[in-house]
Amino acid sequence: MRRSLIAYALPVLIGVLLAIVLLNTFPQLLQGPSSPSPSAPQSELQQQLSRPSPELQQAQPLARQQGPVSYSEAVEKAAPAVVNIYSSRVVAREEHPLMSDPFFRQFFGDDLPTQQRLLSSLGSGVIVSADGYVLTNHHVIDGADEIQVALRDGRETLAEVIGTDPESDLAVLRIDLDNLPVIQLSDTEDVAIGDIAMAIGNPFGVGQTVTMGIISATGRSHLGLSAYEDFIQTDAAINPGNSGGALINAEGSLVGINTAIFSRSGGSQGVGFAIPTRLARSILEALVTQGRVIRGWLGIEAQEMTQDLAASFGLQAPRGVVISAVVPEGPAALAGLRPGDVLLEVDGRPILDARAAMSDIAAIEPGATLPLTVVRSGEKFTVDLEVGERPLPPSRRPER
């Protein structure tokens with residue numbers, strides 16, 4: 001009798017334990033299907049132009065423990081999604097260098113014979129969705145007439161430019177291939193100084209290469225590399241051709257897009273910078289769904305405050321920024337701000353770093369009202385400014 005009770009009770013007990021494990025692992029089983037949130041009405045043109053957000057694969061938090069002897073599994077997980085990018089553009093040049101001399105132009109006029117020259121460059125990219133979206137750097141494809149993407153499995157195809165953001169140096173491409181390998185995106189907040197980091201890309205065009213180091217620092221700015229800077233620094237070797245490639249963690253998840261190196265020789269010196277996935281994800285979604293990145297804008301040019309400037313304005317300490325120029329008909333001009341005004345606070349928060357303040361303002365939705373604290377001729381006052389949309393910068397095409 002006792003054995004029969006155990007025989008009946010044991011399957012029931014196993015079923016209860018299995019249900020508890022499943023509910024703890026997949027809490028969404030307790031929830032019903034979620035209903036879509038109401039969205040603002042769009043015009044017919046906007047509906048035609050808008051694209052759904054790409055489906056990205058989110059990585060699990062990094063398990064920090066004793067490191068393995070080999071990172072081949074992490075590389076094998078991520079490397080197939082890292083692609084080589086070959087961009088080319090055709091430029092016209094005069095047939096002879098002397099034809100650019102004004103002395104010769106007075107005889108031949110402007111109808112000079114020209115010939116075309118093909119300029120090519122190489123870089124890397126990362127496939128981030130099964131739909132074929134590829135993240136890379138803006139400077140890798142800037143001005144390109146044709147962009148070719150080569151996968152590690154040997155497939156090659158031409159890419160479509162979905163959008164670029166020069167101010168963060170990011171661009172989104174799209175390729176039309178089936179069964180694409182996709183990298184998982186790590187949460188940048190989970191990145192810690194000292195974590196293992198590996199850079200995957202196509203340095204010097206030699207082919208896909210992996211280098212290893214650690215995360216040296218996070219939140220690097222004031223480098224002069226782009227308008228909005230929040231870089232991950234690593235000592236994993238990054239060289240020309242690595243731009244746009246993947247910086248991955250020890251589990252093969254993407255933590256950043258390799259962007260630049262600090263070098264006196266042109267080669268890697270252990271100081272490389274990557275755009276964190278948190279920023280890359282937001283830029284990707286904005287470019288895919290809106291075709292551009294919308295940022296808040298005050299319409300001013302600002303100068304860093306120095307000790308001497310602070311004394312001349314009657315300030316006790318060098319804080320805030322000096323407005324050196326005001327864009328005509330811009331938000332600041334309409335609010336009555338003038339060159340020479342000192343901007344001390346934005347929405348009640350003191351300005352301690354000009355670049356950080358610019359990033360905070362960029363995150364504000366255009367049309368919002370923003371209180372500013374200003375000093376003019378030694379008098380402090382507050383103005384309410386309606387935030388505008390930052391205009392697109394002119395395309396910068398670096399010489400290759």
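Two notes on the source. The model is predicted, with local features needing pLDDT of at least 70 and side-chain atom pairs counting only at pLDDT 80 or more, while totals for chains, interfaces and linings use all residues. Residues are numbered from 1 along each chain as its sequence is written, and side-chain values use heavy atoms, with hydrogens and water left out.

Now the pocket itself. A pocket is an open set of points on a 1 Å grid over the protein atoms alone, where a 1.4 Å probe fits and protein lies on both sides within 12 Å along at least five of seven lines; lining residues have an atom within 4 Å of a point. The largest pocket has a volume of about 670 Å³; volume here is the space filled by probe spheres set on the points, which are joined across faces, edges and corners. It is lined by 27 residues, and Leu279, Arg295, Ser359, Ala362 and Ala363 are the closest to its centre. Two or more lining residues come from each of α6 (277-290) and α9 (354-362). Helices are DSSP runs of H or I with at least four residues, strands are runs of E with at least two, and both are numbered from the N terminus. α6 gives the most to this lining, with eight residues. Domain 2 (195-290) and domain 3 (296-389) each supply at least three. Those bounds come from an automatic or database domain assignment.

Strand pairing requires at least two DSSP bridges. β13 (residues 246-248) runs antiparallel to β14, with three bridges. Isoleucine 248 has leucine 254 as its bridge partner in β14. The two strands form a hairpin with five residues between them, and glycine 252 in the turn has a positive phi of about 85 degrees. β14 also runs antiparallel to β15, through five bridges. There alanine 260 stands opposite phenylalanine 273.

Burial next: buried means under 20% relative accessible area, exposed over 50%, and partly exposed in between, with a 1.4 Å probe and protein chains only. In β14 (residues 254-261), seven of the eight residues are buried, so the strand is largely enclosed by the rest of the structure.

Phenylalanine 273 has an aromatic contact too. Rings of Phe, Tyr and Trp (its six-membered ring) pair if their centres lie within 6.5 Å; planes under 30 degrees apart are stacked, over 60 edge-to-face, and the rest tilted. The count comes to one aromatic pair. Phenylalanine 231 and phenylalanine 273 have ring centres 6.0 Å apart and planes at 55 degrees, so the pair is tilted. Phenylalanine 231 sits in β12 (residues 231-234) and phenylalanine 273 in β15 (residues 272-276), so the pair ties together parts 42 residues apart in sequence. Both phenylalanine 231 and phenylalanine 273 are buried.

Isoleucine 248 and valine 75 are 173 residues apart in sequence, yet 8.4 Å apart in space, C-alpha to C-alpha. Valine 75 belongs to helix α3 (residues 72-78). Its relative accessibility is 17%, so valine 75 counts as buried.
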